[in-house]
Amino acid sequence: MATNIPANLKYTKEHEWTLIEGDTVTVGITDFAQSALGDIVFLEVPDVGSELKSGSTFGVVESIKSVSDLYSPVSGEVVAKNSDLEGSPERINEDAYGSWLIKVKVKDSSELNNLLTAEQYQEFCNTSH
Amino acid sequence: MTLLKTHLHEEHVKLAAKIVPFAGWDMPVQYTSVKEEVLAVRNDVGVFDVSHMGEFFLEGKDAEAFADYLVTNDILNAPYGKAIYSPLCRDNGTVIDDLIVYKLSPGRVMICVNASNIEKDFAWMQSRHQGFNCTLVNESANYSLLALQGPRSYAVLAPLLKELTDTEYYSVVETAFENEQVIVARTGYTGEDGFEIFGSHVAIITLWQKLMSLKVTPCGLAARDVLRLEVGYPLYGHELNDELTPYDAALGWTVKAQKTKFVGKEALVSKPAKNKLVKLVLEKGIPREGYSVLNSQHEKIGVVASGTMSVILNKGIALARIEIDKAPQDEVFFIDIRQKPYEAQLVKKPFVTGGHK
């Protein structure tokens, strides 16, 4: 499956992308994920101030056919959420990397080492699907 | 387990459809977008490969009488050229399958059944065949089936066939496409006007290619599920199953108690319904199969049988099975979505009004 995987981002095996800027991580879902889900119609993400734990579910993305959990790539506090997406989650289908979900202030920066590079994520997509 | 492939599989691959296992078959779930495919059927015309479904033929003097005995709806009094939807029940009234009986001509009846129930249905019908002077043949492997659905269906299909008059909904004719015999029924599973075309694999592959060249939108099973839910049609395995009776799925209208005999009659005329099927719409949240339905006290009173996001309403919709004893007088319903109750409105009419004749 042809998919867009920008080299400047880091990824998870749950198909989230992350942009690391200092101690803040911006989180979204990958082009591969939006394509697999199909028409995205509902998004539920936590409010600013919520505490996230790395690897735990932090929200839900629903397409017409399916419900998928979102997994936090890092532990930390939610410092921003993209409220523009609430009324128009289909924008994730149109531009997965332009449609961030939340920004997290990282508690333990060593967790960032667990994230996949673009190359590793490409490899993961190729072998797991 | 090896998945079966329809004879149109290569066509789906060419169109880069997303293909998933369904009822033992590799089936196209989506071509481009569920939304686009739903809108094509509601506003224009779309086509589904539903060749996985089963076709049985009853032929001989008692073909109509045998069909009438097997199913709960009235076959004997329906005119020839008519399609009749019906449950197929056991003696205890539980539903083996829901199907369509096509009264083709005197002594010739076709029954179209769900893909996942072909063997179960055929074995059941064989077990009840004795005493009826007609043959019962499972022709499923010899037929492919397209469902052409949407307001432009007649305009697209009529010029391609030897003959197709603008007949009523739920009618059926035997005609020809490029010198191959086809059975054409004005039926479908979308609520829109449309046709189901049964024919040989060669005829149906050619017809599919012709429809693609005419820019008919190919539609997958995901769009089909949204379309049938928007008009409130049941799907076996969801609203119906081996434990439920037609009454549990709001199909009481298909049980014709005035018929002198049919399988399940004694049980169905005496048995009170346990559940009722209701239509619920949500302002917020998307109901999914298996979610609990709650009353105003947030006590569980039933379960979502099917749920999705309606493309037309842009709201969550559900067919929910409510225990009759617990049905709330105040008609206030909630659906439990991830441990949060979301209010749901009861609607009496279909969520979306299809445009069929």
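What percentage of the 357 residues in chain B is buried? Buried residues make up 48% of them; a residue counts as buried if 20 or more other C-beta atoms, placed from the backbone, lie within 10 Å of its own. This is a predicted model: local features need pLDDT of at least 70, side-chain atom pairs count only at pLDDT 80 or more, and totals for chains, interfaces and linings use all residues. Residues are numbered from 1 along each chain as its sequence is written, with chains lettered from A and ligands numbered from 1 in the order in which they are written.

**Chain B overall**
- Chain B has eight helices and 20 strands, taken as DSSP runs (helices H or I, at least four residues; strands E, at least two) numbered from the N terminus.
- Its radius of gyration, over C-alpha atoms, is 20 Å, close to the 21 Å of the globule rule for 357 residues, so chain B is as compact as a globular protein of that length.
- That rule is 2.2 Å times the number of residues to the power 0.38.
- Along the principal axes, the C-alpha atoms of chain B fill a box of roughly 65 × 50 × 40 Å.

**Barrel in chain B**
- Six strands form a closed barrel, β15-β18-β17-β16-β19-β20 (chain B), with antiparallel pairing; strands pair if DSSP finds at least two bridges between them.
- Four bridges join β15 (residues 275-282) of chain B to β20 (residues 340-347) of chain B.
- B:Leu280 stands opposite B:Leu346 in β20(B).

**Hairpin in chain A**
- β6 (residues 57-63) and β7 (residues 67-71) of chain A run antiparallel, joined by five bridges.
- The hairpin between β6(A) and β7(A) passes through three residues.
- A:Glu62 has A:Val67 in β7(A) as its bridge partner.

Technical notes
Buried ≥ 20, exposed ≤ 12 C-beta atoms within 10 Å, placed from the backbone.
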